[in-house]
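Please consult the sequence and the coordinates while working through each solution.

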Amino acid sequence: MNPKISDPSTSKTVAIISLGCPKNTVDSEVMLGKLAQDHYSLVKDPSQAEVVIVNTCGFIEASKKESIETILEVARLRKNGRLKSLVVGGCLAHRYGEELRRELPEIDILFGLNDVENVAGQIVNPKPDSVKPPLLPNSLSEATYVYDASSPRLLSTPAHFAYVKISEGCDLPCTFCIIPKIRGHYRSRSMEDIEREARHLASRGIKEICLVAQDSTWYGADRYGKPKIAELMNRLAKVEGLEWIRLHYLYPSRVSDELLEVMAANPMICPYFDVPLQHASNRILKSMQRIGDRALLERMIQRIRAKIPQASIRSTFIVGFPGETDADFQELLDFLKQSQLDYVGFFAYSQEENTPAGVMENQVPEGTKKIRLAEACRVQEEVAEKSHQRWVGETLRVVVEEVDDAEPYDGAVAGSGPKARHNPGPHLDLRVPGQAQGRTRYQAPEVDGVVLIEGHRNPRVGQWIDVEITHALQQDLVGRVVPSKA
Ligand code: SF4
């Protein structure tokens with residue numbers, strides 16, 4: 001059956017390092033699927049691989065730096081003699097292909113976003129170019145590729161959840177953002193295709209699907225003439241076998257009443273809103289060319305909470321945008337205190353070439369950005385700790401995601417203060433062995449807080465349990481297992 005397996009040229013060992021956002025994770029999984037289909041042997045540890053693919057991120061300074069450091073780190077593996085080929089793709093490669101060819105001779109093969117499904121075929125016999133790494137044909141032309149349900153895909157997430165990319169690209173004019181120039185125009189997959197993939201994933205035991213795009217609320221407008229996200233959610237809520245459907249990357253001015261209706265009516269749809277707001281000062285929102293002002297953002301939050309009172313809201317904000325004054329920043333802090341958002345990510349503005357904001361005057365000094373970033377985080381931690389108190393005493397459905405194999409957690413919680421979970425004081429080690437942790441439908445994977453579960457004698461990853469919440473911290477909740485009614 002598998003003569004091909006013995007073909008030495010294809011049974012190379014390959015590892016993929018996937019950087020950046022879940023949309024890149026999906027691309028990496030398609031690459032893994034293609035490589036498996038072509039009978040490469042896949043390894044997790046890059047130091048054990050003959051071929052290492054780095055699927056890069058390239059949208060802000062910090063992620064570009066991380067991508068280049070990762071490429072150089074992998075290149076150093078050549079020393080142990082196992083690494084034969086260093087292959088680089090993703091957003092950094094698509095954005096800076098020519099520069100990378102010139103400046104990083106360590107790279108053997110470069111490919112852009114249109115070659116996600118072609119890279120496997122190129123690893124075997126790259127077209128030699130004596131001096132510079134070959135660039136796959138049409139790799140850097142405008143990104144037009146988006147996978148579909150027939151694309152081979154090997155999931156890299158835990159067995160109970162998977163990301164589903166519903167569209168690619170973006171046509172919005174946010175002045176700080178380079179993504180439209182990297183990922184291309186907005187292009188939606190068909191509803192039938194997405195539903196087919198969701199059914200396939202559910203049939204393989206996936207219980208939670210996280211829908212991702214650059215802007216999920218615009219889904220379908222390019223293909224059906226108007227946004228169809230509400231209709232898509234309604235269809236997916238009928239897919240048997242799923243427990244949770246989570247929607248990410250909503251654009252604030254496009255959160256429609258129709259979508260809120262569908263989300264409120266379908267218990268399978270998580271009451272979870274991931275809505276990047278970016279700022280709250282009207283002056284800065286205008287300069288960012290964001291649709292809507294502070295009043296619109298406030299109304300959106302009110303509409304969500306009126307329809308779904310327990311809704312969990314995640315957002316991201318940029319501090320230090322060109323021209324941001326102390327007064328603008330103070331307005332952002334006031335908005336945070338007023339809005340009581342559950343989970344928030346903050347970015348210091350990154351001056352990006354080829355973006356309108358990149359050439360704006362009044363660039364904010366890096367020192368000021370750092371101070372504002374720390375202050376915004378501090379304010380939000382206090383806000384989050386207060387807003388999470390609403391879960392204390394509630395019994396919530398939790399999926400177990402991590403189990404430490406030692407003494408069960410004894411439930412002692414003392415003291416408070418920022419980052420308790422991440423760098424605890426000597427007496428406050430909440431991440432003790434034997435502890436299980438999981439997520440509720442109000443917490444997204446990989447970005448939000450978790451539930452620290454006490455008293456679970458035999459936790460297993462992927463298990464669904466009922467947990468009574470006993471404590472709420474800035475990021476995390478603490479709770480104990482209650483016998484499930486089911
Ligand atoms: S909506 Fe998001 S991806 Fe699109 S331009 Fe704005 S920030 Fe960039």
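Conventions are stated below, followed by exercises with worked solutions.

**Conventions.** This is a predicted model, in which local features need pLDDT of at least 70 and side-chain atom pairs count only at pLDDT 80 or more, while totals for chains, interfaces and linings use all residues. Residues are numbered from 1 along each chain as its sequence is written, and side-chain values use heavy atoms, with hydrogens and water left out.

**Exercise 1.** Describe the chain as a whole: state its helices and strands and its buried fraction.

*Solution.* 
Step 1. The chain has 13 helices and 18 strands; these are DSSP runs numbered from the N terminus (helices: H or I, at least four residues; strands: E, at least two).
Step 2. Of its 486 residues, 56% count as buried, where buried means under 20% relative accessible area, exposed over 50%, and partly exposed in between (1.4 Å probe, protein chains only).
Step 3. Among contacts (heavy atoms within 4.5 Å) with a separation of 6 or more, 77% involve residues 24 or more positions apart.

**Exercise 2.** Determine which residues surround the ligand and classify them.

*Solution.* 
Step 1. A residue is near a molecule if one of its heavy atoms lies within 4 Å of it.
Step 2. The ligand is surrounded by Cys170, Leu172, Cys174, Phe176, Cys177, Ile179, Pro180, Gln214 and Arg290.
Step 3. Ala, Val, Leu, Ile, Met, Phe, Trp, Tyr, Cys and Pro count as nonpolar, Asp, Glu, Lys and Arg as charged, and the others, Gly among them, as polar.
Step 4. The shell accordingly divides into seven nonpolar residues, one polar and one charged.

**Exercise 3.** Characterise the largest nonpolar core.

*Solution.* 
Step 1. A nonpolar core is a set of buried Ala, Val, Leu, Ile, Met, Phe, Trp, Tyr and Cys residues joined through side-chain atoms within 4.5 Å.
Step 2. The largest such core has 81 residues, and those with the most contacts inside it are Ile53, Ile209, Ile245 and Phe273.
Step 3. This core draws at least three residues from each of domain 1 (8–121) and domain 2 (161–387); the bounds come from an automatic or database domain assignment.
Step 4. A second, separate core of 21 residues includes Ala15, Ile71, Leu86 and Ala93.

**Exercise 4.** Are arginine 283 and aspartate 328 buried, partly exposed or exposed?

*Solution.* 
Step 1. Arginine 283 and aspartate 328 form a salt bridge with closest N and O atoms 2.5 Å apart.
Step 2. The pair links distant parts of the chain, arginine 283 being in helix H10 (residues 282–287) and aspartate 328 in helix H12 (residues 326–339), 45 residues apart.
Step 3. Arginine 283 has a relative accessible area of 47% and is therefore partly exposed.
Step 4. Aspartate 328, at 5% relative accessibility, counts as buried.

Conventions. Salt bridge = Lys/Arg side-chain N within 4 Å of Asp/Glu carboxyl O.
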